[in-house]
Amino acid sequence: MTLLEKLLGKEYYLNVLNDRQQDYVASTPFETYREAMAHKRSLEENRTVHYVRTISFRSKEPFHKLDNLSSLKPSRFRIEP
């Protein structure tokens, strides 16, 4: 862990998606920008969910990858411009 991560927290990335009704966040935070972009590319053929943007945030608490994402529902929220 670097000094920057200790002071400000580790940087994570979230993809914001849209289902033609509202924007919502993908259920898993990605540890690297490359993983977030791979997720974005996997959505290119999807006709029901569209990629909006990637946001980054820092957290001092670690996020652990979940094994079973099928039981999770995405958290929905309104994104203000």
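I looked up P62 in this predicted model and found it exposed, at a relative accessible area of 52% (exposed is over 50%, buried under 20%, partly exposed in between, with a 1.4 Å probe and protein chains only). P62 sits in the segment after β3 (50–59); strands are DSSP runs of E with at least two residues, helices runs of H or I with at least four, numbered from the N terminus. I noted 10.0 Å between the C-alpha atoms of P62 and E11, which are 51 residues apart along the chain.

Basis of the entries: residues are numbered from 1 along each chain as its sequence is written. Local features need pLDDT of at least 70 and side-chain atom pairs count only at pLDDT 80 or more, while totals for chains, interfaces and linings use all residues, and side-chain values use heavy atoms, without hydrogens and water.

Next I looked up the largest nonpolar core, which consists of L17, Y24, A26, L43 and V49 (buried Ala, Val, Leu, Ile, Met, Phe, Trp, Tyr and Cys residues joined through side-chain atoms within 4.5 Å). Neighbours within four places in sequence aside, L43 is in contact with L17 and V49 (heavy atoms within 4.5 Å).

I then checked aromatic pairs and found two (Phe, Tyr or Trp rings, for Trp the six-membered one, with centres within 6.5 Å; stacked is under 30 degrees between planes, edge-to-face over 60, tilted the rest). Y13 and Y33 make an edge-to-face pair, with 5.6 Å between centres and 70° between planes. Y13 is in strand β1 (residues 10–18) and Y33 in helix α2 (residues 33–42), so this pair ties together parts 20 residues apart in sequence. I recorded Y13 as buried at 15% relative accessibility and Y33 as partly exposed at 46%.
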